[in-house]
Amino acid sequence: MGVSKLDILYRRLLLTKLFIRGWGRPEDLKRLFEFRKMIGNRERCQNLVSSDYPVHIDKVFK
């Protein structure tokens with residue numbers, strides 16, 4: 001798959017080396033956006049982990 005015009009334009013504007021090889025496959029980006037929508041919904045997100053899942057606190061900040 002070729003590089004999109006948006007990738008080329010974005011890389012020309014970049015001052016750092018972030019995303020120099022593109023943003024990834026379109027399928028992966030679609031999955032990331034779907035995951036972001038799911039995590040953004042607090043009620044749905046709370047059901048991803050069981051309520052009795054063990055939580056360990058390693059550090060206490062004051």
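The model is predicted, and its protein chain of 62 residues has 6% of them buried. Three helices and zero strands make up the secondary structure of the protein chain.

**Secondary structure**
- Read from the N terminus, the elements of the protein chain follow the order α-α-α, in keeping with the count of three helices and zero strands.
- The helix α3 spans 42-46, and I57 lies in the segment that comes after this helix.

**Surface and burial**
- The protein chain exposes about 6900 Å², of which 58% is supplied by carbon and sulfur atoms, while buried residues account for 6% of the 62 residues in the protein chain.
- A nonpolar surface patch of about 880 Å² is formed by F35, I39, L48, V49, Y53, V55, I57 and V60.
- One of the residues in this patch is I57, which counts as exposed because its relative accessibility is 71%, where exposed means over 50%.

**Salt bridge**
- The structure contains one salt bridge, and it joins D28 to R25, with a distance of 3.1 Å between the closest N and O atoms.

Terms used: Residues are numbered from 1 along each chain as its sequence is written. This is a predicted model: local features need pLDDT of at least 70, side-chain atom pairs count only at pLDDT 80 or more; totals for chains, interfaces and linings use all residues. Side-chain values use heavy atoms; hydrogens and water are left out. Patches are made of residues with over 30% relative accessible area and no salt bridge: like charges are joined within 9 Å, nonpolar side chains (Val, Leu, Ile, Met, Phe, Trp, Tyr) within 5 Å. Accessible areas come from the Shrake-Rupley method with a 1.4 Å probe; for residues, only the protein chains shown count as cover. A salt bridge is a side-chain nitrogen of Lys or Arg within 4 Å of a carboxyl oxygen of Asp or Glu. Helices (H or I, at least four residues) and strands (E, at least two) are DSSP runs, numbered from the N terminus. Buried means under 20% relative accessible area, exposed over 50%, partly exposed in between (1.4 Å probe, protein chains only).
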